[in-house]
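Dear colleague,

Please find below the structure we discussed, with its sequence.

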Amino acid sequence: MSQEPAATPTDHRTPDPAVGEPNTKLRLIVGAVAAVYAVVSVWRGLVPSVKGSWGNLPAEPSGAEKVYAVITGIDGWVWSTWLLIPLLAITGVVLTVMLRGIQFTKLWPALRLGLVTRKDQGATGDISHYQALTTALAATVGVGNIAGVATAIGVGGPGALFWMWVTGILGMASKYSEAFLGSRFRVTDPKGDQFGGPQVYLQRGIKGHLGKFLALSFAVFGALAAFGIGNMTQVNTVATQLQSNFHISPYITGVAVVLFVGLVLVGGIQRIGKVTAGFVPMMIIFYIVGGLIVICLNITQIPHAFALVFHDAFTGTAAAGGFVGSTLALAIQKGMARGIFSNESGMGSAAIVAAAAKTTHPVRQGLVSMTQTFIDTIIVVSFTGIVLICTNSWQSADTYSGAGLTSFAFNNAAHGLGQVGSWIVAISVVFFALSTVLGWSYYGERCAIRLVGIKGQLPYRLLFTVVCFVGAFAATLDARVDGDALLGLNMVWDTADILNGLMALPNLIGLLVLSGFIARETKQYLAQDPHLMATVVPKE
């Protein structure tokens with residue numbers, strides 16, 4: 001187990017005793033609520049989910065198919081209304097109330113600090129506010145913004161977009177809180193780089209066995225999940241899109257991605273920050289401009305599109321075209337699940353890169369990180385959703401799915417851009433997926449260091465880079481010939497999806513336990529610098 005290095009100058013206050021040593025009553029309350037929640041969740045969520053997957057098996061299933069059915073059932077449970085969705089929503093509501101709606105009152109100063117001011121002069125850290133923001137955006141503005149939104153609306157109807165917005169708004173408070181803690185409790189690793197995130201602040205903020213258990217759990221889940229959700233699935237999507245749209249061999253794509261990722265990772269967070277600082281704004285603008293053109297071509301349908309979103313958010317959606325219909329519960333479930341998956345608020349991942357930012361106070365970095373959720377969900381997700389609805393492409397969910405449905409919306413001969421639209425989506429998918437790989441490489445690396453120490457940094461980078469080729473290779477497999485290999489890869493990807501979801505559990509528990517501490521320190525700082533204009537740490 002790695003030894004925790006000394007604290008950085010940013011960690012300038014002594015942790016609140018009430019937070020550092022949770023009292024017996026708090027331990028009992030957290031334990032009792034967690035126990036009851038776990039029992040109900042397993043009984044009403046996990047068991048039916050696994051039974052449902054098991055019931056879909058063929059007449060004489062193989063051993064691998066049986067294992068995959070169990071994995072699929074667990075995956076469905078983790079991302080269901082019986083586990084992550086209510087916990088993430090409750091945490092977002094609690095933090096929004098305790099922070100007095102900070103996502104509403106401080107959004108514009110936060111955007112100015114992150115996008116215009118961009119850095120705090122003379123502050124301690126590895127990268128600027130802006131680079132920390134673009135690195136976090138690189139990890140979250142991914143394929144989910146194209147394929148995930150289409151899946152949510154294609155299954156849950158237009159009302160699902162409303163619930164994605166709700167998730168984004170509540171998630172901004174969660175994102176602020178975890179980024180604040182990441183910066184507040186960060187330490188310096190043996191190489192002199194900043195080191196923080198849930199794998200650090202859960203143990204430093206919550207003393208005793210509870211904090212250590214939560215921190216190590218997050219580190220294990222994060223280090224493993226990065227290979228799936230932040231690596232193979234993304235590169236596989238890139239290889240598939242380039243092969244289908246531009247006839248580029250997946251092997252060539254795999255080699256190119258390995259070289260690109262390897263060259264960036266060898267420079268550490270500083271190089272990742274520099275690459276994403278130029279890369280991320282370009283890819284977001286490219287995609288938004290394409291979406292804006294489609295929206296302008298269908299400008300008369302915009303009022304109707306928004307009316308559908310707000311109406312169906314509370315009533316469900318009747319069957320239309322190829323759309324089979326959706327209940328209110330399904331709209332909420334799909335909208336919130338895909339919204340959470342897209343912006344990662346409450347999952348703790350963005351806190352890892354927030355800890356590396358040069359900042360004069362943790363509140364400042366927390367607010368900059370908060371804008372990431374606004375950009376991801378309120379802006380990028382909205383463009384995808386409105387394009388799908390105003391072109392009526394969401395009614396073709398029986399024919400297309402995921403990124404294919406979004407591509408159909410851009411390509412739609414009657415309402416879209418034709419073949420150019422497909423190219424825009426394909427290129428955007430490539431950009432979004434590659435950026436996600438860069439962001440998650442850093443997340444996974446820092447979790448691995450927490451588990452095995454700094455000696456694990458180089459081996460993890462090398463392994464992460466090589467695994468990129470596996471994701472590209474998967475695009476060459478044919479289900480009719482390589483069924484077993486594809487089944488094995490799907491097991492790996494779904495397991496990583498489970499681990500990705502489980503990352504949120506220890507972090508959410510920590511955010512609730514530390515919520516009072518977060519609120520107090522935030523109030524103290526904003527009383528002295530309400531407009532985020534200060535350039536030095538305020539005196540105590």
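In what follows, the axis of a helix is a line fitted to its C-alpha atoms over the stretch in contact, and an angle runs from 0 to 180 degrees between the N-to-C directions. Please keep in mind that this is a predicted model.

With that convention, H18 and H19 pack at an angle of about 140 degrees, and their axes are 7 Å apart. Angles over 145 degrees count as roughly antiparallel, so this pair is classed as oblique. H18 and H19 cross in a right-handed sense. On the H18 side the contact is made by Ala403, Thr406, Ser407, Phe410 and Asn411, and H19 contributes Gln419, Gly421, Ser422, Ile424 and Val425. This contact between H18 and H19 comprises 4 nonpolar and 6 polar residues, with no charged ones.

A second pair is formed by helix H10 (residues 198-205) and H11, which pack at about 175 degrees with their axes 7 Å apart. H10 and H11 are therefore roughly antiparallel. Pro198, Gln199, Leu202 and Gln203 of H10 meet Gly211, Lys212, Leu214, Ala215, Phe218 and Ala219 of H11. By class, the residues of this contact are 6 nonpolar, 3 polar and 1 charged.

From H4 the contact involves Leu84, Leu87, Leu88, Thr91, Val94 and Leu95; from H22, Ala504, Leu505, Leu508, Leu511 and Leu512. The contact of H4 with H22 counts 10 nonpolar residues, 1 polar residue and no charged residues.

I turn now to the pocket. The largest pocket has a volume of about 1,000 Å³. Its lining consists of 33 residues, and Ile229, Thr233, Arg338, Phe341 and Asp497 lie nearest the centre. Several helices each supply at least two lining residues, among them H11 (209-246), H15 (328-343), H18 (403-411), H19 (419-452) and H21 (483-502). H11 gives the most to this lining, with 7 residues. Which classes of residue make up the lining of the largest pocket? There are 10 nonpolar, 17 polar and 6 charged residues.

Yours sincerely

Definitions and conventions. Residues numbered from 1 in each chain as written. Predicted model: local features only at pLDDT ≥ 70, side-chain atom pairs only at ≥ 80, totals over all residues. Heavy atoms only, no water. Contact = heavy atoms within 4.5 Å. Helix = DSSP H or I, 4+ residues; strand = E, 2+ residues; numbered from the N terminus. Nonpolar A, V, L, I, M, F, W, Y, C, P; charged D, E, K, R; others polar. 1 Å grid on protein atoms, 1.4 Å probe; cavity = no way out; pocket = protein on both sides within 12 Å on 5 of 7 lines; lining within 4 Å. Points joined across faces, edges and corners; volume = space filled by probe spheres on them. Parallel < 35°, antiparallel > 145°, perpendicular 65-115°, else oblique. Left-handed = near helix turned anticlockwise from the far one by under 90°.
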